[in-house]
Amino acid sequence: MGRQYFGTDGIRGRVGQPPITPDFVLKLGWAAGKVFGEMVKGRKLILVGKDTRVSGYMFESALQAGIIAAGVDVGLLGPMPTPAIAYLTRTFRAQAGVVISASHNPFDDNGIKFFGGDGFKLDDEVESRIEHYLDQPMETGLSQNLGRAHRIADAAGRYIEFCKSTVPSGFNLDGLKIVVDCANGATYHVAPDVLRELGAFVSTIGVEPDGLNINDHCGSNHPGVLSAEVLRQQADLGIAFDGDGDRVVLVDRKGVVLDGDEILYIIARHRHSNHDGCTGVVGTLMSNHGLKLAFDSLSIPFERARVGDRYVIESMRKNGWKLGGESSGHIVCSDLTSTGDGIVAALQVLKAMSETGKSLAELTAGMSKLPQVMINVRMREKVAVVDLPEIRAAVADAEAALAGNGRVLLRPSGTEPLIRVMVEGVDTELVHRLASQVADAVKKVLP
């Protein structure tokens, strides 16, 4: 069965526009309850968490009602990072976890994504089964068969302890000054506490969510804010998360921003140099070619997957590798957790700093990124432009100009109505010019 609603990361869109409406989310909760309820004969439980968007209250209530109507209990987590919900789904032995979030998108977007009982994103078959029930009439069970709801009061504390458990018991951050930007999102009440409890002096920005300011000129989407604050406070480093906490970028003491490619390199190189080892790393089509060259120099196998953490994880599991991620800062350490986790990834970098005594700049010294430019071309409606003759010609011209010393990639976003135009090469000026040319060609064919 095909999928009508599910994209690369659940179901996402503008609040109030189908399918991100209360009536649809009510039906979605019921459909999910039916599918996961059929998987077990005993206790049936689905956890529900959210980020800090104002619309989260509305969709939390709708999901809760739908799941209960299907005869499944609901554990309400409140505002929690996406990776925390994956972790808690496993530890509570729930059949599924549901996240109400649009990740790095602005506040007027929202979405629903699911984890299975193992803490991994759902496979296509399960999503198709949920969509099958979405096409059926919604039926409420008998009163004695309805589910019940309860709030899990200690969810934040449980997740904080889990994060701390991903580094050695004697590990501490004593004397380290860290600025943390939580994007006014789901990490606002956990990330600073994790770092403080490990001994760091923590200064915070983006920790006053009001339902409307999530990702608003803060967080990993806007690292310049953090960079300026690190310099102003003369901090050792900065850490920025996105709205739901599954992405992270870092800033070194000189204000230089490190993206997901550099974070992957630091973690892989450190693991490769000690007893943990690093058998291979998965990146994506968007990963900088300089990352591959750096791994080649270390004899660390590297493979590109399609963009999206589900595809990164699929490739990791296929190869038996424990590390993968995206340049956006979505880093997966599968020996520690089942999905991308910004806090866990940041702790792995801090562990490398602590054990080597090196700064972030020193830890990335073995990697030189090729100039890469990405232009997002927004569409009013989704159009399959990649295969149009005019676009093929524009891409071919750009590739000819690069003369084998770079690459061109066009990719529709899986979460927003965008075409991402990426050009990479050795000549910065040429890369910028070619990216603009291809982006202009895309704009011309859009309705």
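How much of the accessible surface of the protein belongs to carbon and sulfur atoms? Of about 18200 Å², the share is 50%; areas come from the Shrake-Rupley method with a 1.4 Å probe, and for residues only the protein chains shown count as cover.

1. Basis of the model. This is a predicted model, in which local features need pLDDT of at least 70 and side-chain atom pairs count only at pLDDT 80 or more, while totals for chains, interfaces and linings use all residues. Residues are numbered from 1 along each chain as its sequence is written, and side-chain values use heavy atoms, with hydrogens and water left out.

2. Overall form. The radius of gyration is 22 Å, which agrees with the value near 22 Å for a compact globule of 447 residues (taken over C-alpha atoms; the globule rule is 2.2 Å times the number of residues to the power 0.38). Along the principal axes, the C-alpha atoms fill a box of roughly 65 × 60 × 40 Å. Buried residues account for 58% of the 447 (buried: under 20% relative accessible area; exposed: over 50%; partly exposed: in between; 1.4 Å probe, protein chains only). Of the contacts between residues at least 6 apart in sequence, 71% join residues at least 24 apart (contact: heavy atoms within 4.5 Å).

3. The sheet. The protein has 14 helices and 18 strands (DSSP runs numbered from the N terminus: helices H or I, at least four residues; strands E, at least two). Five strands form an open sheet with mixed pairing in the order 8-7-9-10-11 (strands pair if DSSP finds at least two bridges between them). Its edges are strand 8 (201-205) and strand 11 (257-258), each of which pairs on one side only. Helix 11 (residues 342-356) packs on this sheet and touches strand 7 (177-181), strand 9 (237-241) and strand 10; its direction makes about 160° with that of strand 9 (axes are lines fitted to C-alpha atoms, for helices over the stretch in contact; angles run from 0 to 180 degrees between N-to-C directions).

4. Strand 10 (residues 248-252) runs antiparallel to strand 11 and is joined to it by 2 bridges. Valine 251 has valine 257 of strand 11 as its bridge partner.

5. Glutamate 262. This residue of helix 8 (residues 260-273) is buried, at 13% relative accessible area. Beyond its neighbours within four places in sequence, glutamate 262 contacts Val257, Thr364, Met367 and Lys369. A polar atom of its side chain lies 2.8 Å from the backbone nitrogen of aspartate 259.

6. Serine 143. Located in the loop between helix 4 (124-134) and strand 6 (149-151), serine 143 counts as exposed at 63% relative accessibility.

Key: A polar contact is a pair of N or O atoms within 3.5 Å; within protein, one must be able to donate a hydrogen and the other to accept it, and residues adjacent in sequence count only if both atoms are side-chain atoms.
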